[in-house]
Amino acid sequence: MAIVLNGTTGITAPDIDVTAQSTDIVTTGDISAVDATLSGGVYLGGTGSANYLDDYEEGTWTPVFEGSSSNPTCTYDNIQFGYYQRVGQWVHCTGGIRTDTVSGGSGNLYIGGLPFTSENNTITSTNARQAGTIGQAYEWGGKAPSALYVFELETRLFLYKKSSTSALSDDTQSLTSDLRNGTNLNGLHFSITYKIND
Amino acid sequence: MALTKTVKVDKIEIVGDYKHVQVRTATIVSEDGVELSRSYHRHVVSPLDDASGETAEVQAICTAMHTQAVRDAYQAHLDAQAAELGD
């Protein structure tokens with residue numbers, strides 16, 4: 001049975017229930033609606049798997065300082081925030097962090113708390129890094145971090161600083177000992193876009 | 001008119017070789033039972049993380065997923081990362 005619409009006044013019923021419809025609904029015209037809820041995804045600009053968008057989400061996350069051997073104990077001030085936006089297999093994160101007190105901790109320094117685990121990268125083995133950007137770093141005890149990235153299968157950002165005062169020097173990992181104890185210190189504002197697995 | 005705010009874990013995902021547990025917490029504001037807004041906060045529990053602060057449901061999943069074998073494998077993965085970085 002088919003319903004053929006060829007008038008100009010449209011359908012005024014509050015809902016059209018097509019849940020029992022087992023075949024595709026096809027139109028060569030436009031579809032206009034206020035909201036659409038899909039349990040699957042949507043193909044955009046083509047019908048290949050590369051055109052398929054199956055997930056979108058936005059929300060918040062909470063960045064925290066972590067150490068490779070032991071985590072520092074920190075109290076954070078009003079700058080401790082993170083936002084994320086997931087579009088398919090890509091996650092864009094921004095964040096800010098600043099401490100009022102720091103004690104303990106040892107080893108390399110990370111920012112933990114990422115909202116999604118990074119992808120299992122098949123390009124290389126362990127050397128799979130996705131880089132982000134530090135917009136501002138201020139009031140650190142040691143050299144402030146100047147770069148960051150996320151390894152594969154990780155929920156932490158690895159922090160890097162210059163190994164010497166020379167701008168041409170290589171990067172070396174930041175340490176928990178680079179943190180300084182005191183009010184409104186160890187400020188960092190950053191962003192990263194990284195790939196995840198479905 | 002009754003406004004209510006509900007915070008609950010509404011999605012738990014187990015991801016990857018090392019069974020990272022991705023937790024989504026929803027904050028839902030409703031008026032007389034009709035949802036007005038929903039926002040999300042996310043975090044991930046890694047195999048070596050302390051899950052004692054998680055909800056009972058998340059703790060149970062972490063206990064089931066983060067076996068000693070998984071924890072050892074993830075530690076080996078982290079050690080390989082450290083070796084890659086020359087630590």
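Chain A has zero helices and 12 strands. Chain B has two helices and three strands. This is a predicted model. The two chains bury about 1900 Å² between them. No disulfide turns up anywhere: the search over all chains finds zero.

**Chain A overall**

- The elements of chain A, read from the N terminus, run β-β-β-β-β-β-β-β-β-β-β-β.
- Chain A has 198 residues, and 36% of them count as buried.
- Take the contacts in chain A between residues at least 6 apart in sequence: 67% of these join residues at least 24 apart.
- The accessible surface of chain A is about 11500 Å². Carbon and sulfur atoms hold 50% of that surface.

**Chain B overall**

- Chain B runs β-β-β-α-α from the N terminus on.
- Its radius of gyration is 18 Å, well over the 12 Å that the globule rule gives for 87 residues, so chain B is more spread out than a compact globule.
- The C-alpha atoms of chain B fill a box of roughly 60 × 25 × 20 Å along the principal axes.
- Of the 87 residues in chain B, 33% are buried.
- For contacts in chain B with a separation of 6 or more, 42% come from residues 24 or more positions apart.
- Chain B has an accessible surface of about 4800 Å², with 51% of it on carbon and sulfur atoms.

**The interface between A and B**

- Chain B supplies 21 residues to the contact, and chain A supplies 27 residues.
- Of the roughly 1900 Å² buried between the chains, 47% lies on carbon and sulfur atoms.
- On the chain B side, Arg42(B), Gln81(B) and Leu85(B) lose the most area to chain A. Together they make up 30% of what that side buries.

- Gly59(A) sits in strand 3 of chain A, residues 56-60.
- Gly59(A) is buried, with a relative accessible area of 12%.
- Beyond residues up to four places away in sequence, Gly59(A) touches Gly82(A), Tyr83(A), Tyr84(A) and Tyr40(B).
- Gly59(A) and Ala144(A) are 85 residues apart in sequence. Their C-alpha atoms are 28 Å apart in space.

**Asn186(A), a buried polar side chain**

- Asn186(A) belongs to strand 12 of chain A, residues 185-195.
- Asn186(A) is buried, at a relative accessible area of 0%.
- The side chain of Asn186(A) makes a polar contact of 2.8 Å with the side chain of Thr99(A).
- Neighbours within four places in sequence aside, Asn186(A) is in contact with a set of residues that includes Ile97(A), Arg98(A), Thr99(A) and Val102(A).
- The contacts of Asn186(A) also include Tyr138(A), Glu139(A), Trp140(A) and Gly141(A). Asp178(A), Leu179(A) and Arg180(A) are among them too, as is Phe65(A).

**Cysteines**

- A disulfide is a covalent bond between the sulfur atoms of two cysteines.
- The cysteine sulfur closest to that of Cys74(A) is in Cys93(A), 20 Å away, so the pair is too far apart for a bond.
- Cys93(A) is in no disulfide, and its nearest cysteine sulfur is that of Cys74(A).
- Cys74(A) counts as buried, at 16% relative accessibility.
- Cys93(A) is buried as well, with a relative accessible area of 0%.

Notes:
Residues are numbered from 1 along each chain as its sequence is written. Chains are lettered from A and ligands numbered from 1 in the order in which they are written. This is a predicted model: local features need pLDDT of at least 70, side-chain atom pairs count only at pLDDT 80 or more; totals for chains, interfaces and linings use all residues. Side-chain values use heavy atoms; hydrogens and water are left out. Helices (H or I, at least four residues) and strands (E, at least two) are DSSP runs, numbered from the N terminus. Buried means under 20% relative accessible area, exposed over 50%, partly exposed in between (1.4 Å probe, protein chains only). A polar contact is a pair of N or O atoms within 3.5 Å; within protein, one must be able to donate a hydrogen and the other to accept it, and residues adjacent in sequence count only if both atoms are side-chain atoms. Contact means heavy atoms within 4.5 Å. A disulfide is a pair of cysteine sulfur atoms within 2.5 Å. The radius of gyration is taken over C-alpha atoms; the globule rule is 2.2 Å times the number of residues to the power 0.38. Accessible areas come from the Shrake-Rupley method with a 1.4 Å probe; for residues, only the protein chains shown count as cover. Buried area is the accessible area (1.4 Å probe) that two parts lose on being put together, summed over both.
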